[in-house]
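Hi everyone, thanks for coming. Have a look at this one with me, and we'll talk about aromatic rings.

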Amino acid sequence: MPTPRRRRSALPLTLSATALLVPLATACSGGASDDAAGTGQRLRVVMAFPPAQAMSPYGDDAVTLSRLAVVEGLTTLDRNGAAKPALATSWKRDGAKEWTFTLRKALFHDGTKVDPAAVARSLNAAEKASPKPRVLSDTGITATAGSAGTVRIVTDEADPLLPQRLANPSLTILSAAAYRDGKVNPAGHATGPFTLATVKGAVSATLERNDTYWGATAKAPGVDVTFVADGTARANALRTGAVDVAEYVPVSQASLLGDGLVHEFPSARTNGLSLNTAHGVFADPAMRAAAREAIDSKALVKAVYEGRADTAQGLLGPGVPWAADARTAPVDRAKAADRAQVAKTKEIVLATYTNRPELPEVATVVQQQLTGRGFTVKQVVRDYAQLEADALAGKYDAFIQARNTLLDTADPVSYLASDFTCDGSFNISQLCDERVDADVNKAAATTATDARHTAAATAEADVLGTDALVPLLHERFVQGYDDSRVKGVSLDPMERTLITADTRVG
């Protein structure tokens, strides 16, 4: 695959970008008018990831719903990752595995009450979902309706992080009408400041203000959302005023837009190269070690991210503040195969996705680095929705992804469990290692904060020792909006929020 050309000046739109903006402008054409009450303009937002599971809360679409302020759980997280009240006003631990949550008075978008039966139904449905949401990959939950507006939750194992876990968007609370015909439909059945009114496939969605919201009423009357995977098109939409907020502005476009339109902040996202430990060339630890030695993180940061990223430090980067002090060096790593040995291997397939515009270029640089070590590399680059199932099934030799290590519970132990244990639900590397499983389980059972950090760092070292994932770099987020006219956009390192009740134009 040829190296993509970088945009260095404000050139006219390419044909492909122009074509992408046509449906965007059409979808947002009504967004600039005031609502009937005269209380503000509708927000026009362009998102990077089209719905991959028809807005099911059990996959990555749940994060989109959370970022658009449609869904809520029993709890939410503060900036430090601590649980705070949402649909639950308080909670208490009744035993190692038992908790009681007290609900607030609230209504679903369809007008029905948020009661203990509805909460128990939603949580139990998530537990029984197939595939199970990543946040439940290392534990199971059983919820029962209690008296006086309470819900009792029992976990399979002692889980000190249950309040943080329940803030995950995949454990959103929906009304009974959302669960019909074996499917889960959040449209009109959630509780957030905005209700999902319509979804047009992978093209657009319309949100309306929830006037019966239990918290502060949204300042915008609605949100018109367009899904555009092409990062240059998203940036151009912001530049031309076609949208108010552009999610994930490409690094190549940030300097062109200027400081007034781009907002860069640290993240907990690690860009990594997952190697298939179960099948193919990288089932051999010596070949994985050779791939690791081929990677030059500094070159990637300079060539692709123009310095707007941090060089690889481990699985857990600067977005996890305690990680650097707790980290320990990997042990028992395999000796890397030399270039002559590598050259004898068959062609490997390296896959990544287009939704994050830097990743195809990262893949090209990584391909060059691996080729320099003797590997023969074929690239597969597609939309994420077309790759995910095959990646999880282990159909690629190597897969480049940008993974938020705090996304599931604001605690990296759940990330380690879902991505690197034998039963992990997001185990793209297909890793199954007894030591990794044992140390991840030990970390999950540890309650004291410092001890949990130490245990998580040990598990991180175990994973790095297998070379199942080679850290490439740690991303910084760049969100786009004109801060002179758009207010209240959430710059969240954990990526749970973007549009909030406070987001508005003017």
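Let's start with a quick one: is Tyr 248 buried or exposed? Tyr 248 is buried, at a relative accessible area of 8%; buried means under 20%, exposed over 50%, and partly exposed in between, with a 1.4 Å probe and protein chains only.

Some housekeeping. This is a predicted model, where local features need pLDDT of at least 70, side-chain atom pairs count only at pLDDT 80 or more, and totals for chains, interfaces and linings use all residues. Residues are numbered from 1 along each chain as its sequence is written, and side-chain values use heavy atoms, leaving out hydrogens and water.

Okay, rings. Searching the whole structure turns up eleven aromatic pairs. Rings of Phe, Tyr and Trp (its six-membered ring) pair if their centres lie within 6.5 Å; planes under 30 degrees apart are stacked, over 60 edge-to-face, and the rest tilted.

One of the pairs is Phe 49 with Tyr 248: edge-to-face, 6.5 Å centre to centre, with 85° between the planes. These two are 199 residues apart, so the pair links distant parts of the chain. Phe 49 is partly exposed, at 22%. Ring pairs also bring Phe 265 and Phe 477 into a cluster with Phe 49 and Tyr 248.

And Tyr 248 has a charge too: the charged end of Arg 356 sits over its ring, 4.2 Å from the centre. "Over" here means NZ of Lys or CZ of Arg within 6 Å of the ring centre and within 35 degrees of the ring normal.

Lastly, Trp 214 is partly exposed, at 30%, and the charged end of Arg 104 sits over its ring, 3.9 Å from the centre.

Technical notes: Helices (H or I, at least four residues) and strands (E, at least two) are DSSP runs, numbered from the N terminus.
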